Amino acid sequence: MSKLAALMLLSLPVFAQVDFSGEWAPLYHENGPERLPGPELGDYTELPINDAARLRADSWDADRISVVEQYQCRPHGSDYALRGLGNMRVSRDIDPATQRLMAFHTHMLAWDSDRTIYMDGRAHPPEYANHTWQGFSTAVWEGNMLTVTTTHLKENYLRRNGVPRSDQATATEHWMRHGDYLTVVTVIDDPVFLTEPLVRSDNWYLDPGQHIGVFGCEHAPELPKPEGVVPHHLPGTNPYLREVSEWYGLPYEATRGGAETLYPEYRLKLNGYKAPPKCDRYCTCTTLFDCQLR
Amino acid sequence: MKLLTFAILLCGSAWAQEVQVFPVQGNVSMLVGPGGNVTVQTGKEGIVVVDTQTAAAAPQVMAAIRKLSDTPIIWVINTSLDADHISGNEALLRLGGSTEASLRARVIAHENVLNRLVASGSGQARVSDAASINDTYFKSPKDFLFNGEPVMIYHMPAAHTDGDSIVLFRRSDVISSGDIFTPDRYPVIDLPNGGSVQGLIDALNRILEMAVAGKYQEGGTFVIPGHGRLCDEADVVEFRDMVTIIRDRVQDMIKKGMTLDQVKAAKPSRDYDTQYRGTPDVFVEAIYKSLSARKP
């Protein structure tokens, strides 16, 4: 009997281990309008950005994607990939000799993005190594929560309306499974563009019938321009920055982002602000099919 | 005397750091040291070295090269006249060149590099650096086949200087860009040595033309910058965009009649200053002067 107990104990993992393997379908009840139709130009709400990031975003011109072909097939960074078109397949590598978990692999619908999350204790590459869209990820268990650290990300965006995220950023993800639901809380530290960490969460439900097709992408010039043109707005000339404020009845200053605007105390600074009586833009945006403009 | 000792100690500590070897792809590796990057191609025929850092760094650079190959250095290519790219030529060849006459290393740069090095008009002539170059080219591209690989040297006129070269290792699919591309810092537009902002942008666009990205804009052609981490086409795009956008802003300010001091005060690079090392004012001033000097 005691031998059996010893064997049972041996078969238990050294650390708490949750299996995240499976087909996961995204839930968009958080930040639906930003994640499905896409963010409005000039919407920097909820982002603790600095002045540099704000001006970069103000200068961003969506024509850049049409004119600079190299932008057309760029995937989301792995920190943003969880936000949108986030149908995800997770698999894992088990070392057959030791039965130890060596890595998780994620495959996202958008841009067929593949990422490996190493669990074998390896170090991150040196700082002079190349960066990738998915970055280099390692993880450790904290109880039943998997904490993933990603470095070596290529420059990308915090929000796909031009708000930048630098290649010096580190993303820390906390993966938590509750039955058939998965929550990932992502904390982004970016010494270049953030004054404090950006925290956001995304959710999925287990969908064994999900089939992720091939994404595919081929770049081609969409607007004829002379070679080397980089569309952008000169400082102070972007005409679209107030749209989000006007459409949603938000104070313009609040749409400009920054750490201060994230906290409840900021409401005290908005004396006299009255929320619009009813929502009339992207009011029921929780799936790809029910996002209505007006 | 104490100051001198301190300075020597400082210099010594900088080069006490080991030069790291980072294989890129094919036959090409990147050597990373405190003074910048060295590109190395190795094979049965010998070694090609692009940029040699300084004489003080030569033992560390050579030790790193010897981790890759025991063969002699046959080609040295200098991408510009900057001391941190050229001043290690002689010392490195003493350590890693062949004593056989038939295997004597060829040290090549664009002819403007040699012209500038020997000219007394543009600062102190660097005679020993000039003497370390035994071959120049003026028709671009200059090419040769080495270790079974076409090595293409392209002149990038009036960019960082007027003697810049970039080197394409065609089979390995690696570009060595020299200081035309420095992803972690503002580029130096060396106006006294023939550099210009438009030439720099043209050179960056030329690199983008030559580079072919892998699936979803990642990998494919790798680019070894003069300083900073290993990159690919997408990283060059970010850098090119930065230079182009700041150029456009300064150009707009010049059109409005703003003086150099007014342009500097307006801080046209302020949204890039947290990302790129260097002195923004120096970069902006070089752009301003470069654009102001252009003929309409």
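This is a predicted model: local features need pLDDT of at least 70, side-chain atom pairs count only at pLDDT 80 or more; totals for chains, interfaces and linings use all residues.
Modeller: Residues are numbered from 1 along each chain as its sequence is written, chains are lettered from A and ligands numbered from 1 in the order written, and side-chain values use heavy atoms, without hydrogens and water.

Biologist: Which residues in α8(B) meet α10(B)?

Modeller: Helices are DSSP runs (H or I, at least four residues), numbered from the N terminus. Contact means heavy atoms within 4.5 Å. The partners in α10(B) are B:F283, B:V284, B:I287, B:Y288, B:L291 and B:S292. On the α8(B) side they meet B:M242, B:V243, B:I246, B:R247, B:V250, B:Q251 and B:I254.

Biologist: How many residues of that contact are nonpolar?

Modeller: Ala, Val, Leu, Ile, Met, Phe, Trp, Tyr, Cys and Pro count as nonpolar, Asp, Glu, Lys and Arg as charged, and the others, Gly among them, as polar. The contact of α8(B) with α10(B) has 1 charged and 2 polar residues, and the nonpolar ones number 10.

Biologist: How many charged residues are in the lining of the largest cavity?

Modeller: On a 1 Å grid over the protein atoms alone, a cavity is a set of points where a 1.4 Å probe fits but cannot get out, and lining residues have an atom within 4 Å of a point. The lining of the largest cavity includes A:E155, A:D167 and B:R229. By class, this lining has 3 nonpolar and 1 polar residues, and the charged ones number 5.

How values were computed: On a 1 Å grid over the protein atoms alone, a cavity is a set of points where a 1.4 Å probe fits but cannot get out, and a pocket is an open set with protein on both sides within 12 Å along at least five of seven lines; lining residues have an atom within 4 Å of a point. Helices (H or I, at least four residues) and strands (E, at least two) are DSSP runs, numbered from the N terminus.
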